[in-house]
2 protein chains.
Amino acid sequence: MRQSQLFTRTKRENPSDEEAKNAQLLIRGGFIHKEMAGVYSILPLGYRVMDKIIAIVKEEMDAIGGVQMKTSALQNKESWEKTNRWSDDVVDVWFKTKLQSGSELGLSFTNEEAYSNIAKNFVSSYKDLPFYPYDFKTIFRNETRSKSGMLRGREFYWKALYSFSKDLAQHNMFYEKAKQAYHNVFKRVGIGEYTYITFASGGTFSKYSHEFQTISEAGEDTIYIDEEKGIAINKEVFNDEVLAELGVDKNKIMEKKAIETGNIFSLGSKFSEPFELNYKNENGEDIPVFMGSYGIGITRLIGTVVEILSDDKGIVWPASIAPFTVHLVALGEDMSEAEDVYKELNNNGIEVLFDDRVGVTAGEKFADADLLGMPLRVVVSKRSLENGGAEVKGRTDSESVIVPVNEIISHVKKVIQ
Amino acid sequence: MRQSQLFTRTKRENPSDEEAKNAQLLIRGGFIHKEMAGVYSILPLGYRVMDKIIAIVKEEMDAIGGVQMKTSALQNKESWEKTNRWSDDVVDVWFKTKLQSGSELGLSFTNEEAYSNIAKNFVSSYKDLPFYPYDFKTIFRNETRSKSGMLRGREFYWKALYSFSKDLAQHNMFYEKAKQAYHNVFKRVGIGEYTYITFASGGTFSKYSHEFQTISEAGEDTIYIDEEKGIAINKEVFNDEVLAELGVDKNKIMEKKAIETGNIFSLGSKFSEPFELNYKNENGEDIPVFMGSYGIGITRLIGTVVEILSDDKGIVWPASIAPFTVHLVALGEDMSEAEDVYKELNNNGIEVLFDDRVGVTAGEKFADADLLGMPLRVVVSKRSLENGGAEVKGRTDSESVIVPVNEIISHVKKVIQ
């Protein structure tokens with residue numbers, strides 16, 4: 001894509017009304033637009049990141065048997081009264097609205113009720129189980145304050161999968177697969193080494209739930225990491241008994257702030273009972289379905305990546321989710337050679353943002369390339385050509401290397417793979 | 001996908017609370033789930049249709065220079081007061097809600113304000129124009145009554161693109177391209193021959209807008225079709241002057257009911273003026289941006305296809321948007337040969353729904369295949385194998401043909417292409 005055709009522009013200054021680093025950088029780069037505190041529109045550059053994260057999460061969910069669908073945003077009162085989650089006294093983050101007739105509606109703040117209600121139409125026998133529907137969805141939460149940018153929105157985008165199993169044993173088989181799928185997601189989006197599976201509070205049906213916590217000073221949670229075991233414990237359940245149970249040595253742990261980027265939870269019959277979501281077992285007895293929930297905040301992931309992978313010059317996108325692989329920067333008035341490189345990169349299926357703007361200084365173009373954070377910057381100028389080709393630099397490299405024009409494709413492919 | 005793993009099931013009876021054929025068939029087939037009047041969740045089979053329509057629309061929008069993004073659902077009052085569209089007296093389909101602080105918010109019922117407000121951040125010179133952002137988005141409209149199924153929802157999914165041009169001439173160039181892209185979309189989703197570009201009421205900046213109207217008795221609009229010219233006129237603007245202007249002979253037109261499946265509109269400065277969305281022209285003068293809007297209802301398209309392409313047995317999906325190309329039906333206890341065919345189809349990249357259910361009669365399986373409406377039904381049974389292979393039948397064919405098992409792939413590819 002040509003930068004001259006991209007309608008967004010970068011800003012030099014941080015927005016005055018944002019405290020969070022992720023929101024500051026994403027707004028300055030033109031990735032997002034602030035509609036109000038906690039509500040952002042996703043601009044084309046940001047959408048490309050989101051689209052890539054969605055594709056990765058979708059692949060991992062499909063690989064463990066997930067089937068994609070799309071639940072509605074508007075929620076009727078009756079479903080939520082069944083689980084006692086309609087009242088604003090119980091759930092304080094509802095956005096409510098009304099039909100013309102006066103009937104109250106809610107906007108999805110989570111999805112257990114919607115899925116339980118749908119599943120009830122299709123489950124009768126143990127033969128109907130298990131199944132694993134999921135959706136990507138806009139979620140609404142009426143937070144009192146919202147100042148963490150994309151980390152805690154009033155409107156945000158998530159993936160939620162629900163598992164419907166006949167019993168704990170069948171549930172556990174999937175739960176372990178989901179753990180692995182989650183590890184895969186965080187590794188693939190580039191924050192695997194900062195993300196720990198974390199023991200957190202469970203519920204009636206399991207002692208623990210599992211969070212995926214990504215280390216960041218911007219996080220709201222405190223976790224205790226056992227680096228050797230590759231696990232962490234959330235402060236909320238941290239005590240000597242838990243340490244003993246998990247075989248973690250109190251002297252070998254690190255306390256860290258972290259962002260909860262995902263969580264998986266054994267729900268048991270917490271939702272199937274109020275919805276009378278039962279199946280008949282082999283003996284003809286009615287048994288409540290055993291449920292689990294598996295969430296990942298897609299927009300929160302974008303914010304998290306920016307919080308932890310950026311430097312004083314701007315964002316550093318991992319190649320797997322970067323809007324473009326290459327930021328091609330043309331300098332000077334004669335851009336014909338850069339145009340050829342642009343065509344060549346496109347013809348080889350390499351995603352490239354082409355800074356073909358005229359009347360913009362080299363300094364401004366370099367500052368933009370750093371702020372926008374594509375993995376590779378390729379500069380084509382009179383000087384670079386005199387030196388033997390294009391100047392190629394990784395986003396976090398301090399020095400560029402000269403690569404002959406006819407070797408750029410193979411060089412890019414080698415570096416990115 | 002194995003039908004035994006698909007959690008939805010078909011229903012024999014029409015739902016008692018739906019009048020619209022599209023909703024009846026889609027609910028019976030397990031494509032959608034009714035949450036309340038005008039609000040549906042999209043189940044996995046329906047999602048596959050939606051996903052394919054989205055991919056087609058996206059391709060056509062990208063081809064004419066569209067850039068995808070994602071605007072928020074929550075809307076602040078200030079933007080809509082600028083265009084005098086906040087008041088419920090002016091716009092009677094708002095869903096409104098509130099922040100904890102008491103500030104009123106609205107849920108997007110359309111997108112002009114959001115886009116105008118965003119564009120204002122990035123436009124200063126004529127060099128910044130034109131650009132063409134779009135999104136796929138959940139839209140909320142608080143309709144008093146909602147009984148047309150997917151044709152008029154209180155919550156629905158659409159694609160909206162907005163064009164930002166410097167003047168009428170630049171606008172018109174894109175407008176003509178958009179017309180062609182819309183024709184392409186309707187042709188590709190399989191309703192091209194039923195869909196007419198239709199002259200409808202314009203506004204301050206153009207005499208006409210253009211609707212894409214698809215002939216159906218379920219439609220709310222009345223149009224007059226000139227078959228020879230391949231155009232139609234909406235009843236709302238139909239008069240002798242318009243007939244003369246368009247060179248349409250009153251004696252050669254047909255009156256038809258139709259569904260408005262898309263529309264394109266020249267907005268001029270209707271929205272750029274209240275938002276002071278101006279650019280500086282070559283002489284340094286401030287000029288309002290010339291806007292256009294281009295909408296397609298994605299969920300409405302699904303409903304429209306079902307309304308017009310179905311028979312008394314069920315839905316007839318066009319191959320381009322069918323959830324699966326092949327419905328493979330195994331009969332009898334020994335499904336080993338059908339399993340091989342299933343693998344072979346998958347290995348060749350052909351999307352197949354495999355009815356591998358046991359304890360379901362042939363009659364039930366055939367009735368389901370007809371209701372679900374995949375383009376090709378492939379039956380593998382002891383009898384079919386004795387007769388020389390599989391029984392292959394197009395959804396609307398009356399007779400099946402025997403195709404040797406080792407020729408199924410080439411046969412399917414030939415029929416579908």
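A nonpolar core, in the sense used here, is a set of buried Ala, Val, Leu, Ile, Met, Phe, Trp, Tyr and Cys residues joined through C-beta atoms within 7 Å. Please keep in mind throughout that the structure is a predicted model.

**The core**

With that idea in hand, the largest nonpolar core has 237 residues. The residues with the most contacts inside this core are A:Leu328, A:Val378, B:Leu328 and B:Val378. What does A:Leu328 touch once its neighbours within four places in sequence are left aside? A:Val378 is one of its partners, and the others are A:Ala338, A:Val341, A:Tyr342, A:Leu345, A:Val352, A:Leu353, A:Phe354 and A:Asp355.

**Chain A as a whole**

Chain A has 417 residues, and buried ones make up 49% of them. The secondary structure of the chain comprises eleven helices and 23 strands. Along the principal axes, the C-alpha atoms of chain A fill a box of roughly 80 × 60 × 40 Å. If we take the contacts in chain A between residues at least 6 apart in sequence, 69% of them join residues at least 24 apart.

The chain is divided into two parts: domain 1 covers 8-311 and domain 2 covers 324-416. Taken over C-alpha atoms, the centres of these two domains of chain A are separated by 38 Å.

**A strand with two partners**

Is E10(A) mostly covered or mostly open? Mostly covered: seven of its ten residues are buried. E10(A) pairs with E9(A) (residues 195-203) and also with E13(A) (residues 254-268). E9(A) and E10(A) form a hairpin, with two residues between them. The table sets out the two pairings and gives a bridge or facing pair for each.

| Pairing | Sense | Bridges | Residue pair |
|---|---|---|---|
| E10(A) with E13(A) | antiparallel | six bridges | A:Ile215 with A:Ala258 |

**How the two chains meet**

At the interface, 40 residues of chain A are in contact with 40 residues of chain B. Several elements of chain A give two or more residues to this side, among them strand E1 (32-36), helix H2 (44-63), helix H4 (112-119) and strand E7 (133-140). E2(A) gives the most, with four residues. By class, the side of chain A that touches chain B has 20 nonpolar, 13 polar and seven charged residues.

**An enclosed helix in chain B**

Let us finish with helix H7 (residues 298-308) of chain B. Eleven of the eleven residues of H7(B) are buried, so this helix is largely enclosed by the rest of the structure.

Note on methods: Residues are numbered from 1 along each chain as its sequence is written. Chains are lettered from A and ligands numbered from 1 in the order in which they are written. This is a predicted model: local features need pLDDT of at least 70, side-chain atom pairs count only at pLDDT 80 or more; totals for chains, interfaces and linings use all residues. Two residues are in contact if their C-beta atoms, placed from the backbone, lie within 7 Å. Ala, Val, Leu, Ile, Met, Phe, Trp, Tyr, Cys and Pro count as nonpolar, Asp, Glu, Lys and Arg as charged, and the others, Gly among them, as polar. A residue is buried if 20 or more other C-beta atoms lie within 10 Å of its own, exposed if 12 or fewer, and partly exposed in between; C-beta atoms are placed from the backbone. Two strands pair if DSSP finds at least two bridges between them. Domain bounds come from an automatic or database domain assignment.
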